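Here is a briefing for a reader new to this structure. Please keep the sequence and the 3D view at hand while you read.

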Amino acid sequence: MTPLETYTLRHGDDCLVLGQRLCEWAARSPQLEEDVALLNIALDLLGSARSLLSQVGDEDQLAFLRDEPAFTNAQIMELDNGDFGRTMARQLLVSGYQVLLWEALSSSADEGLAGVAGKAVKEAAYHLDHAHSWVVRLGDGTEESHARMQAGLDDVWPYALELFEADDVVTSLVAQGIAADPEVLEPAWRATVEKVLTEATLGVPSSDWRPTGGRHGLHTEPFGYLLAEMQHLQRTHPGASW
Amino acid sequence: MGFQEVIDADGRIEPRDEMPEAYRKTLVRQIAQHAHSEIIGMQPEGNWITRAPSLRRKVILVAKVQDEAGHGLYLYSAAETLGASRHDLLDLLHTGRQKYSTIFNYPTTSWADVAAIGWLVDGAAIVNQVPLTRCSYGPYARAMTRVCKEESFHQRQGFEAMTVLSRGTPAQRQMAQDALDRWWWPALMMFGPSDAESPNSAQSMAWGIKRFSNDELRQRFVDATVPQADYLGLTVPDPTLSWDGEHYRYGEIDWTEFFAVMKGDGPCNRQRMGFRVKAHEDGAWVREAAEAYAAKQRAKAI
């Protein structure tokens with residue numbers, strides 16, 4: 001795989017896996033408006049995933065027939081939804097990152113990435129607004145919601161740091177004007193997220209623990225179940241069309 | 001014009017118009033049960049979202065379930081124009097005092113069930129609901145216009161998914177036939193009891209809420225659907241089914257089963273209600289937080 005394909009696949013996997021997780025909320029959300037909103041976000045992410053995976057190969061082969069170590073999403077995408085607070089914390093951190101990522105990639109030297117980014121940036125801005133409004137309402141709502149929101153945030157925070165890792169793939173593509181530079185993204189992301197957390201009366205977590213490995217195929221235990229569920233029909237009926 | 005004159009002239013009643021209390025009550029009950037059916041209906045299909053066999057099918061299914069949530073929202077809004085509140089209506093659902101369509105008390109045990117629901121259940125819903133776009137109550141009629149457009153889209157997608165299965169591997173064909181076997185009769189039951197045993201039908205007809213009898217609509221559905229099953233090469237599970245030159249004559253419907261499911265003893269009644277109530281209770285702290293936050297903002301604004 002070329003560095004560009006590796007990079008494209010990482011972001012495609014991010015969108016696919018988070019989209020799949022959000023689908024688990026169907027019919028389970030706190031109110032009907034959120035069933036609409038969460039599924040809408042899932043649809044946007046799955047749409048981006050399909051565009052990105054298709055630039056690397058066959059979307060269904062990639063989604064349904066790869067084994068766990070071949071998935072290169074960041075681990076934050078695969079974390080269990082937990083309660084609504086934890087889901088919104090994860091969405092704030094991820095959407096805050098994706099807005100900046102897609103903004104940067106919309107002027108990528110690679111046309112394929114730039115095309116996906118140009119569409120995804122508008123969607124991510126909406127996802128960020130949505131997460132922002134819930135994190136603030138839950139953080140500054142009741143005593144219980146504040147505690148739950150903070151706990152969810154503390155849980156997912158360390159995983160966000162993996163989004164800003166740079167390895168040879170990223171560094172070489174940044175030099176060619178293809179990839180977004182994590183060193184530029186991270187401070188801007190912190191500023192976005194910390195502003196929301198302050199408004200939400202939540203503490204900004206600090207963590208020395210930086211879970212890592214997703215970009216190279218190392219995943220959390222719950223991820224195996226996500227894949228087993230997602231892939232089982234394709235694997236049970238090899239070669240069938242759906 | 002008074003209420004009866006509007007009805008007699010086949011006009012529309014709007015929220016501020018005067019209307020008999022019984023008319024209002026009948027509509028609230030019907031619209032609420034329709035809204036409940038939309039949100040309970042998210043469960044059997046939502047059951048397959050995370051397992052959909054291709055990304056294209058996953059996206060189609062997510063969009064469909066999202067549409068159902070949307071239908072629920074605007075149907076509850078239509079009920080609210082009659083003075084009901086979504087909160088109270090949900091409470092009636094959660095405590096078993098209002099019903100939803102019996103069809104959603106059957107399990108989706110294979111992927112083909114998702115296709116069959118789109119084809120048969122949405123197909124039956126359209127036949128039921130198209131006349132409601134001409135219902136005498138304006139907000140309900142307008143909500144139905146939008147719902148029917150989206151459901152006819154779902155129906156075509158379901159039929160297309162069923163076509164792929166019926167032209168697929170032997171295992172896929174078997175899956176498709178098995179789904180038709182299990183969903184056919186429950187789909188026919190969706191139109192409700194025969195005219196003679198349908199207590200509210202006559203009054204609803206007189207009020208312009210209902211335009212055709214249950215049996216007429218059921219026949220319309222059978223006539224439209226049997227040729228589709230033939231096209232798919234699938235067998236309708238009714239050995240007595242025959243063409244009489246005008247209509248497909250179908251066999252006796254097992255109304256004992258219908259009334260048992262209605263009463264709460266279908267395969268999934270307990271599961272659907274348990275799931276729904278749990279989701280609602282699990283979300284209570286979120287709704288309370290949103291209210292508390294809004295109250296704080298109002299206090300600041302003063």
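**A salt bridge between chains**

A:Glu33 and B:Arg86 join their side chains in a salt bridge, at 2.4 Å from N to O. This is a predicted model. The predictor gives the complex an ipTM of 0.98 and a pTM of 0.97. Chain B has an average pLDDT of 96, and 100% of its residues score at least 70.

**The cross-chain pair**

- A:Glu33 counts as partly exposed, because its relative accessibility is 31%.
- Between chain B and chain A the count is two salt bridges.

**The interface**

- Chain B contributes 45 residues to the contact, and chain A contributes 47 residues.
- About 4,000 Å² is buried between chain B and chain A, with 71% of it on carbon and sulfur atoms. On the chain B side, B:Thr50, B:Leu55 and B:Trp285 lose the most area to chain A, together 20% of what that side buries.
- Polar contacts link 13 residue pairs between chain B and chain A, both residues being at pLDDT 80 or more.
- Several helices of chain B each supply at least two residues of the side that touches chain A, among them helix 2 (21-46), helix 6 (138-166) and helix 12 (284-301). Helix 3 of chain B gives the largest share of that side, 14 residues.
- The side of chain B that touches chain A divides into 27 nonpolar, nine polar and nine charged residues.

**A buried lysine in chain B**

- B:Lys64 lies in helix 3 of chain B. It counts as buried because its relative accessibility is 5%, and the cut-off for buried is under 20%.
- The side chain of B:Lys64 makes a polar contact of 2.6 Å with that of B:Glu45. Another polar contact, of 2.7 Å, joins the side chains of B:Lys64 and B:Asp122.
- Beyond its neighbours within four places in sequence, B:Lys64 is in contact with residues including B:Ile117, B:Gly118 and B:His154.

**Helix 10 of chain B**

- Helix 10 covers residues 255-265 of chain B, and B:Trp255, B:Phe258, B:Val261 and B:Gly264 are buried in it.
- These buried residues pack against helix 7, helix 9 (214-232) and helix 11 of chain B.
- B:Asp254 caps the N-terminal end of helix 10 of chain B, with a side-chain oxygen 3.1 Å from the backbone nitrogen of B:Thr256.

**Salt bridges within chains**

- Over all chains, the count comes to 31 salt bridges.
- A:Glu59 pairs with A:Arg50, their closest N and O atoms being 3.1 Å apart. A:Glu59 is buried, with a relative accessible area of 14%. A:Arg50 is partly exposed, at 23%.
- B:Lys278 and B:Asp282 form a salt bridge of 2.6 Å, N to O. They are four residues apart in helix 11 of chain B, so about one helical turn separates them. B:Asp282 is partly exposed, with a relative accessible area of 42%.
- One network joins A:Arg21, A:Glu24 and A:Asp80 through salt bridges that share partners.

- A:Gln61 belongs to helix 3 (residues 59-64) of chain A. It counts as partly exposed, at 48% relative accessibility.
- A:Gln61 and A:Gln234 are 173 residues apart in sequence, and their C-alpha atoms are 9.0 Å apart in space.

Key. Residues numbered from 1 in each chain as written. Chains lettered and ligands numbered in written order. Heavy atoms only, no water. Contact = heavy atoms within 4.5 Å. Buried area = accessible area lost by both parts, 1.4 Å probe. Salt bridge = Lys/Arg side-chain N within 4 Å of Asp/Glu carboxyl O. Polar contact = N/O pair within 3.5 Å; in protein donor to acceptor, adjacent residues only side chain to side chain. Nonpolar A, V, L, I, M, F, W, Y, C, P; charged D, E, K, R; others polar. pLDDT = per-residue confidence, 0-100. Buried < 20%, exposed > 50% of the residue type's maximum accessible area, 1.4 Å probe, protein only.
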